[in-house]
Amino acid sequence: MTGGRIRAKIRRSHLYTFACHRSHPPAEDGTQDTQGPGYSRTVYCNQPHVHTQKPNKYCTNYISTTKYNILTFLPKAIFEQFRRVANLYFLLAAVLSLTPVSPFGPLSMIAPLAFVVGLSMAKEALEDWRRFIQDMKVNLRKAGFHKQDGEFGLKPWMKLGVGDIVKVEKDQFFPADLLLLSSSYEDGICYVETMNLDGETNLKVKRALETTLPLDSDPTFREFSATIRCEDPNPSLYTFVGKFEYDGKVYPLDPSQILLRDSKLRNTAYVYGVVIFTGHDSKVMQNATKSPSKRSRIEKQMDKIIYILFSILVFISLISSAGFLVKTKNDLPKWWYLQVPDSKGLFDPGKPLKSGFYHLITALMLYGYLIPISLYVSIEIVKVLQALFINQDIHMYDDETGTPAQARTSNLNEELGQVDTILSDKTGTLTCNQMDFLKCSIGGIAYGTRASDVELAAAKQMVMDLDGQGETGMPHSLETSGHGFVDSEIQLETVVTSKDEDDLKPSIKGFSFEDDRLMNGNWLKEPNKDDILLFFRILAVCHTAIPEQNEETGTFTYEAESPDEGAFLVAAREFGFEFCRRTQSSVFVREKYPSFQEPVEREYKILNLLDFTSKRKRMSVIIRDENDQILLLCKGADSIIFDRLSSNGRTYEEATTKHLNDYGEAGLRTLALAYKKLDEAEYSAWNDEFMKAKTSFGADREANLERVSDMMERELILVGATAVEDKLQEGVPQCIDKLALAGLKIWVLTGDKMETAINIGFACSLLRQGMKQICIAIKNDALVQDNKKAKEDILMQITKATEMIMEEKDPHAAFALIIDGKTLTYALEDDMKHQFLNLAVHCASVICCRVSPRQKALVTRLVKEGTGKITLAIGDGANDVGMIQEADIGVGISGCEGMQAVMASDFAIAEFQFLERLLVVHGHWCYKRIAQMVFAGFSGQSVYDDWYMLLFNVVLTSLPVISLGVFEQDVDSEVCLQFPALYQQGPKNLFFDWPRIFGWMGNGFYTALIIFFLNIIIYYDQAFRAGGQTADMTAVGTAMMTCVIWAVNCQIALTMSHFTWIQHFLIWGSVATWYLFLLIYGEMHYALQVNAYRVLREILAPAPIYWSSTILVTVVCNIPYLVHISFQRSFNPLDHHVIQEIKYYRKHIEDGRMWRRERSKAREKTKIGFTARVEAKIRQVRGKLQKKRSIVSSSSVAQQT
């Protein structure tokens, strides 16, 4: 096992001041209380057999995220299907169709219901089967475990048990929650990546207890035995309480010794650990939520429509049965030729109430086509076809990975068009988790000519906004003042970076810097070369990374705790200062100085390292160079560094501050760099005090260390600042901008620290310069210990922030809410969550940082239930599963963090930028299609012949309705993207609100009345056949059905805005099919039984009145709808009506200026996105122009006087 200790000679704990100390001696009396409720777990290490029997038997390591299993699928799935009111109604009708009172055969009722329920259950089974396969891939992963007598073997994760000794190697996931026993480093340090848990990319340092460090190879576990007493399973990722009993001593445990399931071992050859929590007891699974059953808003509203229609149906049936009761009692005895009472007892004058009841059931079924099951069959088919179109959309196909979009749950298609709030993860969703060194400021001079992605996106938008607005291509308010001033102010418009030029240069991961002044040794010619030299050395020396040399190429890569640190080292290498080696007490840098052609390896002795923490926001290293000079090198947040500058160290402060503001505006992450020279006596005195604080024990140890460190990190001299770009996923700024212009609100929920989240907010244009940031956080650490005071403090902050927003007079003022996970714990409690939500919805953007997976789900639930609006959650990791399942719509990104998010999602895409098309195009279309086909599918007519009814529902109107639901487009996809405000028709529910629902019901009622009574009037006493006979019931019923077919299909055609040959074929083909059916049906033997022999060929077709009445009734039925749509288009047009007119008359080609003007109007007012950033910049320019104009006017007046 010595091969694993390639880098073990470095005792990594020497590199850390705060995180990796040995602060806890053995607890002689077990002072840490792990008894009582919540602390009942006992783990017998290396004795897993003890945990196979009660009372120490715990759950297995098998995990399942499925909704069903073999036993529960049928009952659960059937329950889910019959939660739909319509399915319950159809089930009742199907049961009644088996009775003698049914006017139809049972097949016509049972078959469609079985199809709808069966199709839905099959979809559920397929989706759950995919979850099961994904679960088994995880459960069957192999893990190294101690078999016996110091021998290790492999077994599946699902077979691991509490108490097992596990060996995990580099870049493997931890199979369960483990207690770290030892690692490949001598002092038990290991690095852990927790991206799947909290989204953070910075590596966490974990450390083993000193007493278990000798357990560093397989044979050492031959006789190992210990006991762990700790807390019960809980969802808290950042806490752990327990004690470790070993060799007769008791040692306290804390979170720094715990390795959580689904986190990954990095930068460490191997670790040994003992299993504490398995399977669903592990903290990541405790944060998981059950797979929910989701239904769309339209589907829920259809249930309400069913209630209304059923009430109408019952009312009509009661009237019908009351009339039948009277007829049965009074008139039926006179009609002796009907042979009453009949053999079935359905018509019995002696029992009129019984006959009336039977007739009520018959009437409910006879008029039951008022609630057409064919509509539900059509909707299921349409949703499957819509999902197929989403899957086949080439514009949402990722060429790099070969991944298409995937609609995993087709029953939420229309919900995509009604989203109000998007809740997004950060790492892997918005960002690539790649840092690029882009710009820097050294000695008050800015370096780096390359533009960031945000600058490029904003520049394009600004050019687009200014293009064509005035005669010169600028707004009129800017034209009059000349070009020079505007060009100097709107710097984004003059970005010179060319993508073509970028592509010609070989890319270096982590380094996108371009400026010849610093490259290839040219910095030696700069006037401030001493500052530049110091800047490069700070980058190369001030860190905790480890170099790894590629034996083939000879180049170095760096295993750093954060991507930022890695980018700094790559930048230093490219500038000629290559960090190449680290020993216990020194770092070695190959410097191309003083000659760029001849590198020199220099040693810098590390005296102390004051590491970075989220509280300190800085990192310092004290070194001794080859000239025996002691230096303190420091990098950190600019606000922290500037407060610690000496009076003679502020030479470059003003210039550097300006550069930092520019970098922040460009969406870059910034750090300030400073140094300080120390003399021997000063350092020696400080080091004595520092070592005293470092080796002390007690509650005030951390405070003493912080105090002593702070003493040293004073009187610094500013050198410069770095600007690193957290590379966004391709197209993210543009996508966020389009979604904002479509009226969508965007929240970011991330496990990253606040500074990182804010930087990404700027990069995504969710934040911008001038936006007022409201940071809700527990300011005083003492408040954390007092829950009551902490809650009062947070509530006061929320109240004051809300009042500030309400009192704001400036209409352009924008607010951003930023809150951390610790504070969110209180803000999400029942007595405070509504005040928090009220504040959040009044802010332009909301960023929640340091949140756990469970908090992500709780925030999503609060937004969903508190606003009553449709929410969409998008993420790519296991830590996003909770919010994806909790949201109305969950979107998973098939990124590099595994497939857990995709498996839990309703829709899957390869990149965040595809969300724009998924919502703005497919969401818009699906919502309108489903809404229109629902109205087209509900019918108020009843038809007499059983075959007519079946054909009417299955073919004659279903196929045209399906074509409407699948192919209809009010505008094409390009227009959807150019006019994002069209999307608001969905969230505002313009096409499925109650006025429109009742309007369509009224239209159906009117159509039914016209078809019935107009046909009765026409055929009642008119000579119908050549022999002078009047029409019988079959002829009138068939004529009515013909009118129904024509009226419904013509109305569907009037509803459509977009025709293809498929729609024409299905609509007019349905009409033709009706006549073809009548010809064939009339020749069948069955037609003789129902008096319909050759009903078309000999009865209807020869009669001119049949053809003329069909035309008359169809026209009269459709006149009100035609008048309505004509009036609306002429006097109260919707947005898409205007666009359709422009496209029809080709004005978008002939008059480009009008087209751009209409596009600029078709935006929702928003305060986020780079469009809002550009508008703020233009307002700023206008303000300066106005100020300049007033100064010029004042001076002119003064000269005249």
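Student: What is the angle at which helix α30 (residues 958–967) and helix α33 (residues 1033–1055) pack?
Tutor: Quick ground rules: this is a predicted model, where local features need pLDDT of at least 70 and side-chain atom pairs count only at pLDDT 80 or more, while totals for chains, interfaces and linings use all residues. Residues are numbered from 1 along each chain as its sequence is written, and side-chain values use heavy atoms, leaving out hydrogens and water. An axis is a line fitted to C-alpha atoms, for helices over the stretch in contact, and the angle runs from 0 to 180 degrees between N-to-C directions. For α30 and α33 the axes are 10 Å apart, and the angle is about 10 degrees.

Student: Does that make α30 roughly parallel or roughly antiparallel to α33?
Tutor: Angles under 35 degrees count as roughly parallel, over 145 as roughly antiparallel, 65 to 115 as roughly perpendicular and the rest as oblique. So the angle makes α30, relative to α33, roughly parallel.

Student: Which residues of α30 and α33 make the contact?
Tutor: Contact here means heavy atoms within 4.5 Å. From α30 come Pro960, Val961 and Leu964. Their partners on α33 are Asn1049, Ile1052 and Thr1055.

Student: How many helices and strands does the protein chain have?
Tutor: They are DSSP runs numbered from the N terminus: H or I of at least four residues for helices, E of at least two for strands. On that basis, the protein chain comes out at 41 helices and 33 strands.

Student: Is serine 378 buried or exposed?
Tutor: Serine 378 sits in helix α8 (residues 373–391) and touches Met933, Ser958 and Ile962, leaving aside residues up to four places away in sequence. Buried means under 20% relative accessible area, exposed over 50%, and partly exposed in between (1.4 Å probe, protein chains only). Because its relative accessibility is 2%, serine 378 counts as buried.

Student: Which proline does a cis peptide bond join to lysine 54?
Tutor: Most peptide bonds are trans. Here omega is about 10 degrees, and the proline is in the loop between β1 (41–45) and α1 (73–81). The residue joined to lysine 54 is proline 55.

Student: What is the phi of asparagine 267 near?
Tutor: Most residues other than glycine have a negative phi. Asparagine 267 is in the loop between β12 (264–266) and β13 (270–277), and at 6% relative accessibility asparagine 267 counts as buried. Its phi is positive, near 55 degrees.
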